[in-house]
Amino acid sequence: MINVVAALLIFLEPLRFAAEGLMVIPTISYRGALAIAELVAHGAVAGLSASAGFALFNKSPDGPRLARLAILVVTARSLQSLTWSVLPNNTPPGSELFSAGVTFAIAAVSLLVLRGR
């Protein structure tokens, strides 16, 4: 089960960031400095997520601690994107609450898997 959490950390957030970057980069000059800062922050979150996933997958002693931090940061990034963002997102209007609930549920299950580590 811990390998599933590692795989989610390795693939999910970096792929989401790559899709966001491909969507935003062509128009970044029109979006302004705030969009650049937000995109850089999302890239840092994706990097943290991938490194935590690899640390967990390679059974690093600090892997679970780094994974817990990454899960909390990814959850915060998801909520930030749902509530306030200068970058476009693909969330249909009115489904923000449902998306936030799914985000919290996945984070809670992932943290429960890491609880004993």
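1. A quick convention before we look around: contact here means heavy atoms within 4.5 Å, and helices (H or I, at least four residues) and strands (E, at least two) are DSSP runs numbered from the N terminus. Please keep in mind that this is a predicted model, in which local features need pLDDT of at least 70 and side-chain atom pairs count only at pLDDT 80 or more, while totals for chains, interfaces and linings use all residues. Residues are numbered from 1 along each chain as its sequence is written, and side-chain values use heavy atoms, with hydrogens and water left out.

2. Overall layout. The protein has 5 helices and 0 strands, giving the pattern α-α-α-α-α along the sequence. Its radius of gyration (taken over C-alpha atoms) is 15 Å, close to the 13 Å that the globule rule gives for 117 residues, so the protein is as compact as a globular protein of that length. The globule rule itself is 2.2 Å times the number of residues to the power 0.38. Along the principal axes, the C-alpha trace spans about 45 × 25 × 15 Å.

3. Burial and contact range. Buried residues (under 20% relative accessible area; exposed is over 50%, partly exposed is in between, with a 1.4 Å probe and protein chains only) make up 35% of the 117 residues. Among contacts between residues at least 6 apart in sequence, 74% join residues at least 24 apart.

4. Helix α5. This helix covers residues 96-114, so numbered by the DSSP runs, and its 19 residues reach 27 Å from the first C-alpha to the last, close to the 27 Å expected at 1.5 Å a residue. The expected span is 1.5 Å times one less than the number of residues. Ala100, Thr103, Ala107, Ser110, Val113 and Leu114 are buried in α5. Seen down the axis, these buried residues fall within an arc of 150°, so they line one face of the helix; the arc is that of the directions from the helix axis to the C-beta atoms. On the other side of α5, Leu97, Phe98 and Leu112 are exposed.

5. What covers the buried residues of α5? The cover includes α1 (2-24), α3 (33-57) and α4 (63-83).

6. The nonpolar cores. A nonpolar core is a set of buried Ala, Val, Leu, Ile, Met, Phe, Trp, Tyr and Cys residues joined through side-chain atoms within 4.5 Å. The largest has 12 residues, among them Ile2, Leu9, Ala52, Ala67, Ala107 and Leu114. Helices α1, α3, α4 and α5 each give two or more residues to this core, and α1 gives the most, with 4. A second, separate core of 5 residues includes Val24, Ile28, Ala35 and Leu39. In soluble globular proteins, nonpolar side chains tend to be buried together.

7. Leaving aside neighbours within four places in sequence, Val5 is in contact with Leu56, Ile71, Ser110, Val113 and Leu114.

8. The whole structure holds 4 salt bridges, each defined as a side-chain nitrogen of Lys or Arg within 4 Å of a carboxyl oxygen of Asp or Glu. Arg16 pairs with Glu13 (3.2 Å, N to O) and also with Glu20 (3.4 Å, N to O). Arg16 and Glu13 are 3 residues apart in helix α1, and are separated by about one helical turn; Arg16 and Glu20 are 4 residues apart in that helix, again about one turn. An α-helix has 3.6 residues a turn, so residues three or four places apart point the same way. Arg16 is partly exposed, at 25% relative accessible area, whereas Glu13 is buried at 5% and Glu20 is buried at 5%.

9. Arg65 and Asp62 meet in a salt bridge (3.6 Å, N to O); Arg65 counts as exposed at 58% relative accessibility, and Asp62 as partly exposed at 42%. Salt bridges that share partners join Glu13, Arg16, Glu20 and Arg77 into one network.

10. Ser49, buried or exposed? This serine, placed in helix α3, is buried, with a relative accessible area of 1%. Leaving aside neighbours within four places in sequence, Ser49 is in contact with Leu9, Ile10, Glu13, Pro14, Ala70 and Val74.
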